[in-house]
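Biologist: Hi! Could you walk me through this one, starting with the strands and then the side-chain contacts?

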Amino acid sequence: MNPIAKFFLTLLFVSSFGFSTQSQTAFDIQVLEETLPNLPPIHSGVSFRYQGYWVFIGGRTNGLHGFQTGSGFPAQGANKSVVVYNPSTYSASSILLNALPDSMRDFLSSSNQLFDVEGNKLYIAGGYGFSSLVQNFITFPNLARIDIPMLIDFVLTGQTNILPSIEMLRLNKAAVTGGHMKSRDHALFLFCGHKFDGMYSVNDTAGFFQQAYITDIKAFYVSTPTAPFAVDSIKARIDTVRLRRRDFNLSPYYFSSNSFGYLITGGGFTKITNKLIHTGVYYVPNGIHGSINGFSSDFNLYHCATLPVYDSVADIMHSIYFGGISDHYRAPNGGIVEDTLAPFVKTISRITRFAGSLQEYLFDAELPSYLGSNAVFMATDTSRFDRDGIFRMPDVIPPDLFIDLGYIVSGIESPLPHISLTDPSVSVASGRAFKVRMNFNVINTTKQNLSDAPLSIFPTETAGVYRVQTSGYGSTVAVYNLGGQEVQRLQFMHSNQPNNNLDLRAFGPGCYVVRLTTPGAAHAVKLIYTKP
């Protein structure tokens, strides 16, 4: 067994708008630090899970980039290898990219590439790094398709050259860094980002670089996996205002009526004030995009680990964000602080959709240190996630009352919130791992046998009306929807009192949690109210 290390978090959803810390919800999220020996400390590269392996390509092995000319992306911090990690055996195998042609090696060693997996193929576009060809830093105009099983086999068997697993194209429109890629039915969607050529410097007037924001969502329609790699056509959706952003969060998303798309939040930087971006944008694969009800977010605005969760019964969508960089965070006294210098934060938040309306909530708990910037979430049991990486809430509560979802790995770890203006080199690439668990036993306050406070719920002849039976007296039964909002409450002064029915007809079909509280214990059960 892996040793469970250092800290344990219970994250309670708030049940009303704002930042209350006294509320309950249908489930909570627990984050446990777990020691995974030999986990590579790499961030801002290509990282994905495939059949139990975690694969890392390119990125950085040092911490936050420097801000002075010549110190931004030192050569010794570039990861010039492919690492295949087995979280079950803690074994890490790697192969250097040295045997590849220079152009391919430099491209795969870059940072902040756009990438995604479809089937057994990995797609990579762009990325920022040093080009041996031009002897300068560029955003690479390349698009690659990699055979994942072949790549993993080459690494695990100690081959010296992975070239046979790679197909690469030169494509100027693929020169993007700091964006996101999502693949779907042989279409690659490239979201926003920027093109940055030249040596990085905080001074954008010194002439050391050229930067252009990519203000569109491009769809690359590529050949099938059995045909030679080619891009058949490219379509773009341009929005010079809402899509002008980089280093943002993008989450696969279910909107109302089960329509699928993506939610874009945060990122940098505003054109006039050069601050983090608070507006959100949605996109569906047919090309529709726009803002959702004028929604604006404050937390976890820079690229960090995200976890999308969907409850199909209640039609509620959650996007959970872990740490990173933002311009708002919670102070020790519980107040919300605005800091326009964009510090590293410990904040964990969620954006939840209720019937088409988005609301942002702050979790009570935080990460143990300044973690999460450019981190990734690696699913454990992919059977619980759909094809787009969204966790689907179970219809039945598991017998052990929890589900292990996966791990937060990689990213940058900083000892302080502000280091960019002092010494970025004090930050490191994180080699820590944090297990994420969904816990359905959220309101059990004692370890007594559950029979000490039993709760039974029986359907009646009327759909949506249920009869409640408890033992003892002084019991309170409260019903919560999966947004954490209390919708009904009953008080039981004695076990045989009349009018002990729950009537959920006014709230509609969905998933609810019924909480029983007695003087000696608490217990919760999940109730599924389906259409008649």
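Modeller: Happy to. Seven of the seven residues of strand 23 (residues 305-311) are buried, so strand 23 is largely enclosed by the rest of the structure. Buried means under 20% relative accessible area, exposed means over 50%, and partly exposed is in between, with a 1.4 Å probe and protein chains only. Strands here are DSSP runs of E with at least two residues, numbered from the N terminus.

Biologist: Before we go on, what kind of model is this, and which pLDDT limits apply?

Modeller: This is a predicted model: local features need pLDDT of at least 70, side-chain atom pairs count only at pLDDT 80 or more, and totals for chains, interfaces and linings use all residues. Residues are numbered from 1 along each chain as its sequence is written, and side-chain values use heavy atoms, with hydrogens and water left out.

Biologist: Thanks! Back to strand 23: which residues sit on each side?

Modeller: Ala305, Leu307, Val309 and Asp311 are on one side, and Thr306, Pro308 and Tyr310 on the other. Both faces are covered, as all of these residues are buried. In a regular strand the side chains alternate between the two faces of the sheet.

Biologist: Which strand does strand 23 run antiparallel to?

Modeller: That is strand 24 (residues 316-325), joined to strand 23 by seven bridges. Two strands pair if DSSP finds at least two bridges between them. Thr306, for one, has Tyr321 in strand 24 as its bridge partner. The two strands form a hairpin with four residues between them, and Asp315 in the turn has a positive phi of about 55°.

Biologist: And what about strand 30: parallel or antiparallel to strand 23?

Modeller: Parallel, over two bridges, with strand 30 covering residues 391-392. There, Val309 has Phe391 as its bridge partner.

Biologist: You mentioned Asp315. What does Asp315 form a salt bridge with?

Modeller: Arg353, with the closest N and O atoms 2.9 Å apart. The rule asks for a side-chain nitrogen of Lys or Arg within 4 Å of a carboxyl oxygen of Asp or Glu. Asp315 lies in the loop between strand 23 and strand 24 and Arg353 in strand 27 (residues 344-354), so the pair ties together parts that are 38 residues apart in sequence. Asp315 is partly exposed at 22% relative accessible area, while Arg353 is buried at 2%.

Biologist: How many salt bridges are there by that rule?

Modeller: The count comes to 21. Another one joins the side chains of Asp147 and Lys121, at 3.3 Å from N to O. Asp147 counts as buried at 18% relative accessibility, and so does Lys121 at 9%.

Biologist: Which residues are joined into a salt-bridge network?

Modeller: Arg437 and Asp404 form a salt bridge with the closest N and O atoms 2.8 Å apart. Arg437 is in strand 33 (residues 433-439) and Asp404 in strand 31 (residues 402-414), 33 residues apart. Through shared partners, Glu34, Asp404, Lys435 and Arg437 make up one network.

Biologist: New topic: how many aromatic pairs are there?

Modeller: There are 22. One of them is Phe377 with Phe385, which is tilted, at 6.1 Å centre to centre and 45° between the planes. Rings of Phe, Tyr and Trp (its six-membered ring) pair if their centres lie within 6.5 Å; planes under 30 degrees apart count as stacked, over 60 as edge-to-face and the rest as tilted.

Biologist: Are Phe377 and Phe385 buried or exposed?

Modeller: Both are buried.
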